[in-house]
Amino acid sequence: MAYISLLFLALFFAPAEAASNDAMLIQTYEEDVTGDGEKELLELKGKLFAADGVYYQDIWVEISSPSTDKTWRINYGGGYDPELHFAELTHNGVMDILYQSPTGGSGGLYTSQLNQWEKDDFIELPLPVEQPVKGEFMDGFRVSIQLLPDEDPIILDVSGQKEEYIRLKLYDEQGKLLEPTTLMIDPVAFFDIIDLDDEGQKGLKSFQQISGAYHADGIGTVESIWMYDEGKWMLLETDLQTDLPRLDNSSS
């Protein structure tokens, strides 16, 4: 009788476990990503962590040729709401594959991966690395942000938050900074594919958030434009997007 009970339990619970581990088709795409003139079929798939959840513990894309039996697979790890984007970013005449998926954290960060066709397979290419942005609080309810080492800092007025900063003992009532405090500089959150010129040359725009006393205390976003050239990413321009008033550098 004990053996029958164990067999019954195994049969009863096996289907639910298998269902939670089944691969799901998330999205299909048709793009020529090998440069052979034919559009490959790309099936973006994933395995949910829980049957009633939205987080994929494993995500990958299966790529198949329309005229041969060749197939390829690119693994991406876990994430939410994954998407593929296609553009000739590396200027080799073949569409590259940009994968992005939200990490699910409060910072709005994405997992990103770029793959390129090379020598009968897909290789992973590095994405642009954020420039060394520096930021700190200053006396007088101000912040200083330096986007590049050889550029003058941008001075912003954060007096609209002075009551909160005083409560947090970041400043005193007179606007004196009580101790040196740096700003929170996030890594690049995600990338957009953009046109670099009227001829359709493609590049990437990166978005990097800067916060003040805590993550929800938004200061601005560093937006940078990148072009792939001779095997590496070149920074073309960078700017700070912010709603805070800008002050003259001489006031520092």
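Gln131 sits in the loop between E8 and strand E9 (134-138). Helices (H or I, at least four residues) and strands (E, at least two) are DSSP runs, numbered from the N terminus. This is a predicted model: local features need pLDDT of at least 70, side-chain atom pairs count only at pLDDT 80 or more, and totals for chains, interfaces and linings use all residues. Residues are numbered from 1 along each chain as its sequence is written, and side-chain values use heavy atoms, with hydrogens and water left out.

Is Gln131 buried or exposed? Gln131 counts as buried, because its relative accessibility is 6%. Buried means under 20% relative accessible area, exposed over 50%, and partly exposed in between (1.4 Å probe, protein chains only). Which residues does Gln131 touch, not counting residues up to four places away in sequence? They are Leu147, Leu148, Gln208, Val222, Ser224, Trp226 and Thr238. Contact means heavy atoms within 4.5 Å.

Leu147 also has a loop position, between strand E10 (142-146) and strand E11 (154-157). Its relative accessible area is 4%, so Leu147 is buried. Leaving aside neighbours within four places in sequence, the contacts of Leu147 include Gln131, Pro132, Val133 and Ile154. Val222, Thr238, Asp239 and Leu240 are also among them. Leu147 and Lys202 are 55 residues apart along the chain, and their C-alpha atoms are separated by 24 Å.

## Thr103

Thr103 belongs to the loop between strand E6 (96-102) and E7. It is partly exposed, because its relative accessible area is 39%. Thr103 touches Tyr80, Leu109, Tyr110 and Thr111, not counting residues up to four places away in sequence. Tyr55 is 48 residues from Thr103 in sequence, and the two are 9.3 Å apart in space, C-alpha to C-alpha.

## Two lysines with positive phi

Most residues other than glycine have a negative phi. Lys119 has a positive phi, near 55°. Its place is the loop between strand E7 (110-118) and strand E8 (121-125). Lys119 counts as exposed, because its relative accessibility is 76%.

Lys169 has a positive phi too, near 60°. This lysine lies in the loop between helix H2 (162-167) and strand E12 (184-195). Its relative accessible area is 63%, so Lys169 is exposed.

## The whole chain

How many helices and strands does the protein chain have? It has 2 helices and 16 strands. The radius of gyration is 24 Å, well over the 18 Å that the globule rule gives for 252 residues, so the chain is more spread out than a compact globule. This radius is taken over C-alpha atoms, and the globule rule is 2.2 Å times the number of residues to the power 0.38. Along the principal axes, the C-alpha atoms fill a box of roughly 80 × 60 × 20 Å.

Of the 252 residues, 36% count as buried. Among contacts with a separation of 6 or more, 42% join residues 24 or more positions apart.

## Confidence

The mean pLDDT of the protein chain is 90, and 90% of its residues reach 70 or more. pLDDT is the predictor's confidence in each residue, from 0 to 100.
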